[in-house]
Amino acid sequence: MKIDLLIKNAQVFNTVKQCFETKYVTVSGSKFYYITSKDVSHLQVEQEIDGRGKYLIPGLIDSHMHIESSMTTPSIFSKAVLPFGVTTVIADAHEMANVFGIDGLTEFMNAETELDIFHAIPSSVPSTTPELETTGGLIGLDETKTLLAHPKVICLGEAMNFHGIAHEPESLIRQIIELCKEQRPTMPLEGHCPKIYEEELAAFMYSGISSDHTHQFPESLAEKIENGMFIQFQNKSITPENMAVITENEYYDYSCLITDDVMADDLLEGHLNENLKKAVAAGLPIEKAIYMTTYTPARRMGLNDRGLIGPGRLADFILLDDLETFSIAAVYKSGKQVYRKGVAVAYPEKIEQFPDSYSHTVHCKKLTAKDLQLRVGTELSSVRCNVIRKYEVGTFTERITKEIPVKDGYLDWENSDCALLVVMERYGKNGNIAYALMEQPISQKGSIATTWAHDHHNVMVMGNNSEDILLAQQKLLELQGGYVVVNDGSVVASCPLPIGGIVSQAPIEELGRDLQKVRQGMQDLGYKNMNEIMSFSTLSLPVSPTIKMTDKGMMNTKTQEFYPLIFPEDGAVLCVR
């Protein structure tokens, strides 16, 4: 047997025992060969590394994530995350699919990368139904059949339409689930079920879905896990309280750590490795954190060729200088070194070549001042309105009511404590414009606009005065997508995302800097959240509790009923042009 690489004297992670042992590790080709504490001098070795003082662990596996959340493309993403020890990801490219349909997903799957990228079938394109939101693409039964035959597809992506899953046996999402169970009966079916408990949880899981990656809370964790749900902890769910539930009950085999969404500016600092370190800081033993970022995600996804260091397994591994700080000395993919500390990351010369049409996808009119004058059919001096209140932690919202003044027959929202939220259909299909009010999302005069609006990715703009809303929306159209922040009449930050309005092929450093300016611009306006960009972008996600916006209107995301902006029982109506 030809031995290409020998690492000797390293502290090697034993997955079965979940501890470190001094071992010799040999690699032949792309796989581990012989791992032993005995003498290996009889082997002919081409390259030898002294691992004394270092720790050797399997490459990290991210079992639920979206490349588009980093606003880049697979070839660039691959180079960006390998230095952080991430060697395998399972990507749910439903953002590309919502904009471009199966063609956009195919473009992503065809990318050539060093990183192993497996794919989920986007189950929620759209996240609800075409009657509730307008998207550029649709993944139906025919598209699902095509994707089920693709070798890179290994699971059904997060099924999010709770109402359709739990209460509508003939819904499209239920038909997609049944098709997957019929054609790939052992394939994991991934779920998205925030704040769902007891019988509602049972109804959701009865469909066959057996995982959840949404915002977790200690009071419901045991219920989910003990009902057979595999939990994928994203950043905001990695709390001391949640980690205590895992450690006290030894639920290590029933959970893992994931990223879900890592923004381009955060990607400058780290990826799944940062969530591992956060979990340890929150009380998870380091050995368990490694186990839950390597072996349990591999087993969940049926990737039996990786996730531990053993003969015949893929030689994806990390050499750590220090275990406590998780300081990475080198990363190996399929037995080849792809990163070494101190060596700058070189981005690929060959990147994806998308059709020209992918850079011209924002097709909606420029807003005018008249579009923002909301005429009210009433003689009253004020009217009761449904208003969105956002939280400062997470992406949850709630519906409240407020009295909004009426002046000269128009809703005087600019002189209220609310901002106007506008969602515009951007695919050239129907020209829908929907309006809502938000309770004081910003404290300074300004506006924010984006096409990165989960998951339909229509144009979304919010502001507390007409002039800034118009400026932000027009700048966004000029960029053909991205993020724009306006502060008192001036564009103070923008992040162009020209490919479908959701991704860019600029270097991560440049993209990250632009996004940092957007984040700072939002903070300067007084927008408060633990992740300002995600909070804003999910105001349009109609499967996230509890009130969100599409181009069709303001929706109760559990019942999928639309709220009127103005209470009709007060005898007032909004006169839509």
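UniProt, in an unreviewed entry, places the feature "domain: Adenine deaminase C-terminal" at residues 395-560; UniProt positions are given in the numbering used here, feature names are shortened, and annotations may be inferred rather than shown by experiment. Residues 395-560 are 23% helix and 35% strand, and the end C-alpha atoms of the span lie 18 Å apart. Helices (H or I, at least four residues) and strands (E, at least two) are DSSP runs, numbered from the N terminus. A further UniProt feature, "domain: Amidohydrolase-related" (unreviewed entry), is listed at residues 55-338. That span is 37% helix and 20% strand, with its end C-alpha atoms 17 Å apart.

This is a predicted model, in which local features need pLDDT of at least 70 and side-chain atom pairs count only at pLDDT 80 or more, while totals for chains, interfaces and linings use all residues. Residues are numbered from 1 along each chain as its sequence is written, and side-chain values use heavy atoms, with hydrogens and water left out.

The domain assignment gives domain 1 (58-304) and domain 2 (358-573), with bounds that come from an automatic or database domain assignment. The centres of domain 1 and domain 2, taken over C-alpha atoms, are separated by 27 Å. Their contact (heavy atoms within 4.5 Å) takes 43 residues from domain 1 and 48 residues from domain 2.

The size of an interface is often given as the accessible area lost when the parts come together. Here domain 1 and domain 2 bury about 3900 Å² between them, and 66% of this is on carbon and sulfur atoms. Buried area is the accessible area (1.4 Å probe) that two parts lose on being put together, summed over both. Of the area that domain 1 buries against domain 2, 19% is supplied by Met 71, Leu 132 and Thr 134, more than by any other three residues.

Which polar links cross between the domains? The rule finds 15 residue pairs in polar contact across the interface of domain 1 and domain 2, both residues at pLDDT 80 or more. A polar contact is a pair of N or O atoms within 3.5 Å; within protein, one must be able to donate a hydrogen and the other to accept it, and residues adjacent in sequence count only if both atoms are side-chain atoms. On the side of domain 1 that touches domain 2, helix 1 (74-81), helix 2 (94-100), helix 3 (102-109) and helix 10 (264-267) each supply at least two residues. Helix 2 gives the most, with 6 residues.

There are 3 salt bridges between domain 1 and domain 2, each a side-chain nitrogen of Lys or Arg within 4 Å of a carboxyl oxygen of Asp or Glu. Asp 265 forms a salt bridge with Arg 519, with the closest N and O atoms 2.7 Å apart.

By this rule the count comes to 30 salt bridges. One of them pairs Arg 306 with Asp 116, the closest N and O atoms being 2.8 Å apart. This pair links distant parts of the chain, 190 residues apart: Arg 306 is in the loop between helix 12 (286-300) and strand 14 (317-322), and Asp 116 is in strand 8.

Some backbone details remain. A cis peptide bond, with omega about 5 degrees, joins Val 125 and Pro 126; Pro 126 lies in the loop between strand 8 (116-121) and helix 4 (141-148). Pro 545 and Thr 546 are also joined by a cis peptide bond, with omega about -10 degrees.
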